[in-house]
Amino acid sequence: MLTNVLLGLLAAAAGLCLLRMLRGGSLPDRVVALETLLVTVVCGIAVLAARTGSGLFLDVLVVVALLGFTGTALVARFIERRGAR
């Protein structure tokens, strides 16, 4: 029951992040929205891992978190070189 509520809240948060990405004003705003979306997805995977008791989800969680961090670092470096507009 609690996991269903958590998944619903995470889905709402993901929807708001998507809205911010689509309507974001500048590139840094969209990058922050994307990072927040990735954190929301990682939290969703953690809730699913707790719900099912499967350790397989934890491996997926680590890979998604690492890819998200790497992608955000690369985009931040791109913005730093290009300048925020």
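Leaving aside its neighbours within four places in sequence, which residues is T40 in contact with? In this predicted model, T40 is in contact with L10, A13, A14 and C17.

**T40 and helix α2**

T40 sits in helix α2. Its relative accessibility is 10%, and buried means under 20%, so T40 counts as buried. A polar atom of the T40 side chain lies 2.8 Å from the backbone oxygen of T36.

Helix α2 runs over residues 27-52 and has 26 residues. From its first C-alpha to its last it reaches 37 Å, close to the 38 Å expected at 1.5 Å a residue.

**A salt bridge**

How many salt bridges are there? The count comes to 1. Side chains of opposite charge can pair when their charged atoms come close. Here the side chains of D29 and R20 meet, with 3.4 Å from N to O. D29 has a relative accessibility of 29% and counts as partly exposed. R20, at 42%, also counts as partly exposed.

**Residues of helix α1**

L22 lies in helix α1. Is L22 buried or exposed? Exposed means over 50% relative accessible area; L22 has 69%, so it is exposed. The C-alpha atoms of L22 and A33 are separated by 9.4 Å, and the two residues are 11 apart along the chain.

L6 is another residue in helix α1. With a relative accessibility of 34%, L6 counts as partly exposed. L6 is also one of the residues in a nonpolar patch on the surface, formed with M1, L2, V5 and L9. Together these residues have about 550 Å² of accessible area.

**Accessibility values**

The table collects the residues discussed above.

| Residue | Relative accessibility | Class |
|---|---|---|
| T40 | 10% | buried |
| D29 | 29% | partly exposed |
| L6 | 34% | partly exposed |
| R20 | 42% | partly exposed |
| L22 | 69% | exposed |

Terms used: Residues are numbered from 1 along each chain as its sequence is written. This is a predicted model: local features need pLDDT of at least 70, side-chain atom pairs count only at pLDDT 80 or more; totals for chains, interfaces and linings use all residues. Side-chain values use heavy atoms; hydrogens and water are left out. Helices (H or I, at least four residues) and strands (E, at least two) are DSSP runs, numbered from the N terminus. The expected span of a helix is 1.5 Å times one less than its number of residues. Buried means under 20% relative accessible area, exposed over 50%, partly exposed in between (1.4 Å probe, protein chains only). Patches are made of residues with over 30% relative accessible area and no salt bridge: like charges are joined within 9 Å, nonpolar side chains (Val, Leu, Ile, Met, Phe, Trp, Tyr) within 5 Å. Accessible areas come from the Shrake-Rupley method with a 1.4 Å probe; for residues, only the protein chains shown count as cover. A salt bridge is a side-chain nitrogen of Lys or Arg within 4 Å of a carboxyl oxygen of Asp or Glu. A polar contact is a pair of N or O atoms within 3.5 Å; within protein, one must be able to donate a hydrogen and the other to accept it, and residues adjacent in sequence count only if both atoms are side-chain atoms. Contact means heavy atoms within 4.5 Å.
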